[in-house]
Amino acid sequence: MFEKLVSIICNYVEVEPDSITRSSRFMEDLGFTSFDFMSMLGEIEDEFDIEIEESEAAGIRTVGEAVDYLEKLTAEA
């Protein structure tokens, strides 16, 4: 899941995949705008065939939190 998410992240911001860690913060470390983040969530929903709750997404700050949330969602699907 982490590798897939890193691949998707690299579609939205110009960062080296090797520099992304579970503790990387989307806005502060990776340079996401809120528009980038919401666009990425749409792609993730399509990619994994899941629905992300906006209220849940608002609390996701790091790549690791996103991975944990996605793993939980895909396990339920």
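Predicted model: local features only at pLDDT ≥ 70, side-chain atom pairs only at ≥ 80, totals over all residues.
Two packed helices are described by the angle between their axes and the distance between the axes. Helix H1, residues 2–9, packs against helix H4, residues 63–76, with axes that come within 10 Å and cross at roughly 120 degrees. Angles of 65 to 115 degrees count as roughly perpendicular and those over 145 as roughly antiparallel; H1 and H4 are therefore oblique to each other. The crossing in which H1 passes H4 is right-handed. On the H1 side the contact is made by Phe2, Leu5 and Ile9, and on the H4 side by Val63, Ala66, Val67 and Leu70. By residue class, this contact of H1 with H4 consists of seven nonpolar residues, with no polar and no charged ones.

The contact of H1 with H2 divides into six nonpolar and three charged residues, with no polar ones.

In soluble globular proteins, nonpolar side chains tend to be buried together. In this model the largest nonpolar core holds 25 residues, of which Ile9, Phe26, Leu30, Ile44 and Ile52 touch the most other members. The largest contribution is that of H4, with six residues. With neighbours within four places in sequence left aside, Ile44 is in contact with Leu5, Ile8, Asp49, Ile50, Ile52 and Leu70.

Asp49, one of the contacts of Ile44, is found in the loop between H2 and H3. The relative accessible area of Asp49 is 67%, and the residue is exposed. Its phi is near 55 degrees, a positive value in a residue other than glycine.

Tyr69 is placed in helix H4. Its relative accessibility is 9%, and a value under 20% counts as buried. Not counting residues up to four places away in sequence, Tyr69 touches Glu51, Ile52, Glu53, Glu56 and Ile60. Among these, Ile52 is also one of the core members that touch the most others and one of the contacts of Ile44. Glu56, another residue touched by Tyr69, lies in helix H3, residues 54–57. In contrast to the buried Tyr69, Glu56 is partly exposed, with a relative accessible area of 40%. Glu56 and Tyr69 are 13 residues apart in sequence, and their C-alpha atoms are 8.6 Å apart in space. For Tyr69 and Ser55, which are 14 residues apart along the chain, the C-alpha separation is 12 Å.

Terms used
Residues numbered from 1 in each chain as written. Heavy atoms only, no water. Axes fitted to C-alpha atoms, helices over the stretch in contact; angles between N-to-C directions. Helix = DSSP H or I, 4+ residues; strand = E, 2+ residues; numbered from the N terminus. Parallel < 35°, antiparallel > 145°, perpendicular 65-115°, else oblique. Left-handed = near helix turned anticlockwise from the far one by under 90°. Contact = heavy atoms within 4.5 Å. Nonpolar A, V, L, I, M, F, W, Y, C, P; charged D, E, K, R; others polar. Core = buried A, V, L, I, M, F, W, Y, C linked by side-chain atoms within 4.5 Å. Buried < 20%, exposed > 50% of the residue type's maximum accessible area, 1.4 Å probe, protein only.
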